[in-house]
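Dear colleague,

Please find the structure below for your records. My notes on its core and its salt bridges follow.

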2 protein chains.
Amino acid sequence: MSALAELKKRLAAIADLDAAGAVLGWDQETYMPPGAIEARAAQLTTLARLSHEEFIEERMGLLLQETAAELADAPYESDDASLLRVTTRDYERATKIPAELVARIARATSLGQQAWQKARQASDFADFSHHLEEIIELAREKAEALGYDDRIYDPLLTEFEPGMSTALLEEVFADLRDELVPIVEALSSADGGAPAQNMPPPLDRRYGEQAQWDFGIGVMKDFGFDFDRGRQDRSAHPFTTAFAASDVRVTTRIDEGFLPAGLFGTLHECGHGLYEQGVASELGRTPLAGGASLGVHESQSRLWEILVGRSRAFWGHYYPLLRQAFPGKLGDVDVDAFYAAANAVCPSLIRVEADEVTYNLHIMLRFELEKALLEERLAVCDLPDAWNAAMESYLGIVPDNDADGVLQDIHWSMGAIGYFPTYTLGTLMSAQIFARIGEDIPELQEHIGAGEFTHLLAWLQDNIYRHGRKFTANELLDRMGCGELSAEPWLAYIRRKYGELGGVGL
Amino acid sequence: MSALAELKKRLAAIADLDAAGAVLGWDQETYMPPGAIEARAAQLTTLARLSHEEFIEERMGLLLQETAAELADAPYESDDASLLRVTTRDYERATKIPAELVARIARATSLGQQAWQKARQASDFADFSHHLEEIIELAREKAEALGYDDRIYDPLLTEFEPGMSTALLEEVFADLRDELVPIVEALSSADGGAPAQNMPPPLDRRYGEQAQWDFGIGVMKDFGFDFDRGRQDRSAHPFTTAFAASDVRVTTRIDEGFLPAGLFGTLHECGHGLYEQGVASELGRTPLAGGASLGVHESQSRLWEILVGRSRAFWGHYYPLLRQAFPGKLGDVDVDAFYAAANAVCPSLIRVEADEVTYNLHIMLRFELEKALLEERLAVCDLPDAWNAAMESYLGIVPDNDADGVLQDIHWSMGAIGYFPTYTLGTLMSAQIFARIGEDIPELQEHIGAGEFTHLLAWLQDNIYRHGRKFTANELLDRMGCGELSAEPWLAYIRRKYGELGGVGL
């Protein structure tokens with residue numbers, strides 16, 4: 001057997017273990033009875049341990065070396081060369097972190113999540129503070145173990161976004177922030193500055209659960225989600241997971257009193273799901289199965305949810321169908337009023353409830369703060385004050401309590417430092433990619449206005465989805481002819497869209 | 001670390017792998033999209049392979065020897081001594097069968113199942129014949145590898161029913177058959193010999209799916225099934241699986257045109273589920289978690305489904321509730337008429353649709369035939385004729401085609417030789433156990449008639465469920481004071497029940 005063949009065989013078994021872990025994770029969030037939580041934790045721990053042990057075996061390192069010799073002449077973009085490149089990257093990461101550090105992180109974040117839940121309920125940051133101190137210290141240790149040339153944030157960021165750098169993010173985000181703060185101010189005054197908690201009518205009405213579900217499934221089918229190779233279920237926190245390109249699970253949460261949760265949440269997860277279903281079957285059971293990075297994944301959920309699903313063209317086609325789905329509910333609301341309501345901009349306290357414009361300010365704030373913590377420019381005990389000051393500066397509002405402020409997200413308690421910026425990266429890339437598609441498919445808006453998505457999906461499959469993890473985000477942008485990462489296409493899209501919606505001074 | 005501690009640690013990881021495989025198996029039958037079948041097969045194969053490899057490691061054999069020394073003075077019935085005893089039994093089985101034989105069996109049964117499905121659809125035994133020949137030959141090889149003192153059937157039987165012997169089964173089944181054939185004749189003439197395909201009224205009416213589901217869930221809750229530690233879902237072929245005592249999944253199949261399928265199927269699987277939920281938590285993540293044997297498991301599904309759920313006392317309480325569940329549907333049918341319909345006896349061709357009386361004749365026929373194949377007293381090519389002759393002799397009817405005859409069951413195509421008798425073993429044990437409970441709980445029938453099952457469940461938990469796999473069926477019967485395995489208690493129950501129902505000559 002060649003080294004490559006043995007490598008693939010071992011990687012296939014590891015992929016199967018990881019897929020099994022993903023099935024157990026999906027089940028935990030969808031169907032698992034509450035009493036099973038302890039048994040399930042043990043099962044997931046064992047699967048993760050075995051997968052890790054199989055991956056960091058010495059034999060794996062040898063096989064990677066021998067495969068490198070076998071593939072010396074393989075083209076960079078070939079499946080085999082990409083498999084070797086990405087697996088070597090993963091292997092180096094996995095073997096650089098000592099097992100005892102992995103164990104300490106697992107323990108600290110397990111306790112940290114419990115403490116965070118209690119602290120958020122009590123809205124008391126102090127109870128969580130020393131857990132977060134330990135988590136930040138462990139993240140620093142992890143970054144040192146992984147090593148870096150420039151910034152300590154780099155090796156944490158690249159766990160989620162391979163090939164990205166802190167310096168590039170700072171440059172792009174600085175451009176974005178300078179332009180975005182005045183845009184938010186203009187739009188908020190334009191739409192009257194309605195309090196964030198109040199949905200603009202008619203979104204504040206009650207919409208039946210089954211009709212919401214059916215409408216969402218209908219749009220998913222139109223988008224091209226293949227229900228022979230995937231399904232949708234309900235969960236408290238919507239997510240997408242894939243056990244193979246032929247087995248992609250999306251979840252949604254329907255709230256009868258809040259139409260956008262189910263409606264746009266479904267389209268968002270569908271975007272993630274389309275990506276996973278589009279990975280070439282030849283990459284199955286290898287480390288190349290799945291999305292290129294969190295940022296690229298998010299670019300696809302945002303593209304389908306927002307650039308398609310919150311567009312005027314989309315609602316030109318779907319609003320009559322939405323009216324039919326909810327008889328008598330929307331008779332007094334015309335499509336333009338509905339479209340405006342679905343795109344209302346208003347600074348608010350909670351990231352996951354934010355509109356597409358203010359959302360990025362929530363992200364940049366978190367990026368700045370976690371970077372400051374990691375670089376020891378900010379102490380954990382000063383974090384709540386720093387949070388509130390940044391909210392005032394970025395969004396012009398300040399939370400009354402820590403539950404609606406610094407304690408709102410689970411990420412830090414899980415040790416996910418370097419994760420937040422991928423949300424905004426995805427937003428920016430979605431606009432870069434969408435603008436590029438518009439050049440190749442000049443009739444794109446007409447297609448969307450006719451509920452016709454086959455060309456769009458085919459373009460994305462061909463340029464992004466089928467490649468799986470073969471290329472980094474930067475490589476993909478380059479291959480697509482999008483140029484380097486940039487905030488400009490997204491800002492241009494926002495100015496155009498909200499200008500048409502009556503925004504003042506755009 | 002003591003040898004016992006290391007043994008437990010290794011067994012816990014294996015239990016987690018097996019539980020993960022069970023989750024994937026459950027998902028496959030309940031929610032998995034059809035396109036995922038190939039990916040899922042690979043995942044399940046990897047999990048099974050890793051579990052097997054971890055179990056048959058040399059280190060495991062050493063640990064078992066060292067643990068035996070450590071536990072020399074441990075009482076037979078202690079958890080630790082039982083763990084050692086049962087694990088040693090499993091280890092010896094697992095290590096006696098060469099890996100290449102395991103692989104040949106896996107291949108032959110995989111192809112065999114596909115061939116069986118096609119053959120059954122075409123009702124053509126010839127297409128399946130040479131597959132079955134190979135499967136029987138491999139079963140013989142497996143039996144030789146496992147070794148036996150008396151009969152070649154023994155080591156296959158004990159895979160499913162540890163501690164049981166072919167000779168004992170033959171003795172008990174011979175008693176049963178001699179008495180059962182005339183009983184069936186008497187009952188069939190008594191109820192007019194209605195054709196098997198026609199359900200007796202009112203079971204032939206249509207019953208709404210949701211109301212059937214809700215009624216079943218209500219009875220499950222009354223029985224004591226804990227929905228915090230388990231759930232029910234839908235599947236084409238109802239089954240029960242457990243990932244832990246705190247995570248027990250039962251499934252059911254609701255047919256609006258055939259009430260008994262959902263109704264009694266739900267109670268049957270609930271019985272399996274109560275057993276799994278009752279296993280002591282200390283046995284979790286060890287080979288002792290789960291039921292003692294297939295026979296003992298079946299005794300519990302039959303006890304709850306039939307001895308409780310098809311009894312006159314049960315329907316005295318639940319018939320008014322069933323009427324409420326289906327308004328206007330059963331107004332013209334009194335409880336005695338419903339009870340008689342739910343217990344109608346009639347020889348029929350298909351095992352899984354048979355009533356409780358004729359069911360055992362279906363099993364004994366299969367036991368005789370598979371034994372004859374294995375002992376080379378019957379050639380596979382002669383099996384269809386032998387099947388039909390046995391049907392005539394046991395049940396007085398002969399199928400028109402092989403699909404309704406020798407091809408109806410999946411078991412042989414899966415290589416499950418020695419499995420069938422556990423169904424009748426379960427039936428016989430259920431009556432032995434139920435009679436014994438009647439001595440300890442004289443008010444048992446009154447409890448059932450009041451929809452009150454806490455005493456019954458507590459007795460079963462204390463005497464059977466909590467022990468998991470610690471004891472064999474024979475050991476459990478002995479500990480409960482049931483005496484040896486015997487057909488008499490079941491025959492007495494049948495004579496009493498059907499005598500009261502107007503059976504002639506009982």
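Is Arg49(A) buried, partly exposed or exposed? With a relative accessible area of 36%, Arg49(A) is partly exposed, where buried means under 20%, exposed over 50% and partly exposed in between (1.4 Å probe, protein chains only).

This is a predicted model, in which local features need pLDDT of at least 70 and side-chain atom pairs count only at pLDDT 80 or more, while totals for chains, interfaces and linings use all residues. Residues are numbered from 1 along each chain as its sequence is written, chains are lettered from A and ligands numbered from 1 in the order in which they are written, and side-chain values use heavy atoms, without hydrogens and water.

Arg49(A) forms a salt bridge with Glu53(A) at 3.0 Å, N to O (a side-chain nitrogen of Lys or Arg within 4 Å of a carboxyl oxygen of Asp or Glu). Glu53(A) is likewise partly exposed, at 38%. Both residues lie in helix α2 (residues 37–55) of chain A, four residues apart; helices are DSSP runs (H or I, at least four residues), numbered from the N terminus.

Over all chains, 74 salt bridges are found. Among them, Arg229(B) pairs with Asp226(B) at 2.9 Å, N to O.

The largest nonpolar core has 120 residues (buried Ala, Val, Leu, Ile, Met, Phe, Trp, Tyr and Cys residues joined through side-chain atoms within 4.5 Å). Trp304(A), Trp315(A) and Ile433(A) touch the most other members. Helix α14 (residues 359–374) of chain A gives the most to this core, with 10 residues.

With kind regards

How values were computed. Helix = DSSP H or I, 4+ residues; strand = E, 2+ residues; numbered from the N terminus.
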